[in-house]
Amino acid sequence: MRSIETAGPDDLDEVLALLNGVASWLMSRGIRQWAIGFTAEKMAPIIERGELYVVRENGAAIATVTVSTDGDADFWTTEERAEPARYVAKLATAREYSGQGLGALLLRWAVDLGSRQGAQWVRLDAWRTNYQLHDFYRKAGWSHLRTVELEHRRSGALFQHPAVSDPEARSALPVASQ
């Protein structure tokens, strides 16, 4: 059975393996989105803030996502960051679960989480040139707002979705008893 839980310090190694595994797969396809990779120094503070979630199946970490209250000032305007919103990042699914709809379900779960937390919007920024990923977000019901091009950033395709309740996604990814 699948469940979702807030990641704790003991989950760090599994989360790093999952994210870096997806980063390697992206690189093998010529997509440099996560070329730098993920480190304990980068991910531990996110876990400490309670912003990282892990999907488990039979005890194994099979997907992860970060949901934060902080919008990146490089991309989101002051007015947008003042709105009640949640920001999705680092969504990754273990490759052996690819094509099963888990990523789309996790996005729906994040939209539902935003709703439960009182957000108006759930937002994300994507790699500007990963058009296949843009199409994935659009098919999942996300709206492309604009693309921000900054010399020092490769991300900047901005998407948002209204934060709405999704009991089906919530029941498909129940919170694990911790």
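Let's start with Glu 14, which counts as partly exposed because its relative accessibility is 32% (buried means under 20% relative accessible area, exposed over 50%, and partly exposed in between, with a 1.4 Å probe and protein chains only). Before going on, keep in mind that this is a predicted model, where local features need pLDDT of at least 70, side-chain atom pairs count only at pLDDT 80 or more, and totals for chains, interfaces and linings use all residues. Residues are numbered from 1 along each chain as its sequence is written, and side-chain values use heavy atoms, with hydrogens and water left out.

So what does Glu 14 pair with in a salt bridge? The partner is Arg 56, and the closest N and O atoms are 2.7 Å apart (a salt bridge is a side-chain nitrogen of Lys or Arg within 4 Å of a carboxyl oxygen of Asp or Glu). Arg 56 sits in strand β2 (residues 52-57) and Glu 14 in helix α1 (residues 12-28), so this pair ties together parts that are 42 residues apart in sequence.

Another salt bridge brings together the side chains of Asp 166 and Arg 108, at 2.7 Å from N to O. Asp 166 is in the loop between β7 and α6 (167-172) while Arg 108 is in helix α4 (residues 102-116), so here the parts tied together are 58 residues apart in sequence. Asp 166 is buried, with a relative accessible area of 15%, and Arg 108 is partly exposed at 29%.

For a local example, look at helix α5 (residues 131-139), which holds both Arg 138 and Asp 135, 3 residues apart, or about one turn of the helix. Their closest N and O atoms are 3.6 Å apart in a salt bridge. Arg 138 is partly exposed at 42% relative accessibility, and Asp 135 is partly exposed too, at 39%. Salt bridges that share partners also link Glu 5, Asp 11, Glu 14 and Arg 56 into one network. Across the whole structure, a search turns up 14 salt bridges.

Now to the strands. Of the 8 residues in β7 (residues 155-162), 7 are buried. Strand β5 (residues 121-127) pairs with β7 in the antiparallel sense over 7 bridges (two strands pair if DSSP finds at least two bridges between them), and Trp 121 stands opposite Pro 162 in β7. Strand β6 (residues 143-147) also runs antiparallel to β7, joined by 4 bridges, with His 144 opposite Phe 159.

What about the inside? In soluble globular proteins, nonpolar side chains tend to be buried together. Here the largest nonpolar core has 31 residues, and Val 55, Val 88, Leu 106, Leu 124, Tyr 137 and Trp 142 have the most contacts inside it (a nonpolar core is a set of buried Ala, Val, Leu, Ile, Met, Phe, Trp, Tyr and Cys residues joined through side-chain atoms within 4.5 Å). The elements giving it two or more residues are β2, β3 (60-68), α4, β5, α5 and β7, and α4 supplies the largest share, 8 residues.

Take Val 88: setting aside neighbours within four places in sequence, its contacts include Val 65, Val 67, Leu 107, Leu 124 and Trp 142 (contact means heavy atoms within 4.5 Å). A second, separate core of 18 residues includes Ile 47, Leu 52, Val 54 and Ala 61.
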